[in-house]
Amino acid sequence: SARSAHSAATSASSAAVSASAARAPSPRAYSRMEQIMRDARDLEDFTEFLVKQYAEESLQFYLALEDFQKKYPSEPKVIVVGPPGEGSPAPPEARPPSDESPESAAARLADAQAIFDEFLKPGAERQINVSGKIVRDVKKKLGEGRAEARIFSGAVTSILQQLTRDKLMTFTREQKANKQLWIRTLRSMEKHRKSISAAARR
């Protein structure tokens with residue numbers, strides 16, 4: 001199936017992630033991607049586009065990590081749409097608050113592990129295309145009981161680069177073409193309406 005073929009391609013292409021990172025997106029492209037992520041209508045359109053491209057896992061991972069950070073708001077933000085090293089400062093090395101209850105800490109770790117199992121674990125149904133080093137690093141930190149959102153920072157940076165570099169231009173072209181088609185349709189409808197009105201006055 002197309003989905004199976006996509007999963008196979010994800011595994012095969014993970015080795016090329018580091019090499020392709022050399023083609024870093026431009027600041028303008030990152031700016032457009034940030035706009036999409038913050039606009040509900042654009043995000044909905046982008047999601048539909050990625051579903052057609054069999055590439056929605058990356059966006060689902062991004063949104064899952066956003067939800068994780070909303071659930072645990074004491075954490076420093078790690079989601080930054082922009083070139084690595086620019087924009088917001090790097091998250092500090094501090095762990096979650098020391099006064100966190102054992103129950104909350106256990107829930108946090110379970111939620112972080114669920115994100116790993118769904119998106120990063122080799123063979124996962126929604127496995128995203130990131131390097132093996134990133135996967136091993138996250139797995140190691142989870143094994144140490146670390147469940148801060150920042151342990152996923154390398155993965156989210158990688159997938160945002162990929163989305164911006166590989167999908168944004170095609171999506172923007174398609175969005176523009178759809179808008180132009182809608183404008184032409186409206187103009188045609190208006191022209192037809194005026195024609196009918198003129199005929200009625202004769």
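Residues 24 or more positions apart account for 73% of the contacts in the chain with a separation of 6 or more, where contact means heavy atoms within 4.5 Å. The model is a predicted one, in which local features need pLDDT of at least 70, side-chain atom pairs count only at pLDDT 80 or more, and totals for chains, interfaces and linings use all residues. Residues are numbered from 1 along each chain as its sequence is written, and side-chain values use heavy atoms, with hydrogens and water left out.

The secondary structure comprises eight helices and zero strands, giving the pattern α-α-α-α-α-α-α-α along the sequence. Helices (H or I, at least four residues) and strands (E, at least two) are DSSP runs, numbered from the N terminus. Of the 202 residues in the chain, 34% are buried; buried means under 20% relative accessible area, exposed over 50%, and partly exposed in between (1.4 Å probe, protein chains only).

Buried in α3 are A29, Y30, R32, M33, I36 and M37. These residues cover an arc of only 160° around the axis, which puts them on the same side of α3; the arc is that of the directions from the helix axis to the C-beta atoms. An α-helix has 3.6 residues a turn, so residues three or four places apart point the same way. On the other side of α3, P27 and R28 are exposed.

Within helix α3, A29 counts as buried because its relative accessibility is 17%. Leaving aside residues up to four places away in sequence, A29 touches T164 and L168. A29 and L168 are 139 residues apart along the chain, yet their C-alpha atoms are separated by 7.6 Å.

Another pairing joins helix α5 (residues 56-71) and helix α6 (residues 102-119), whose axes come within 11 Å and cross at roughly 175°. That angle makes α5 roughly antiparallel to α6, a label for angles over 145 degrees. Axes are lines fitted to C-alpha atoms, for helices over the stretch in contact, with angles running from 0 to 180 degrees between N-to-C directions. From α5, the contact is made by E57, Q60, F61, A64, L65, F68 and K71, and from α6 by R108, D111, A112, I115 and F119. The residues of this contact divide into seven nonpolar, one polar and four charged. Here Ala, Val, Leu, Ile, Met, Phe, Trp, Tyr, Cys and Pro count as nonpolar, Asp, Glu, Lys and Arg as charged, and the others, Gly among them, as polar.

Key. Angles under 35 degrees count as roughly parallel, over 145 as roughly antiparallel, 65 to 115 as roughly perpendicular and the rest as oblique.
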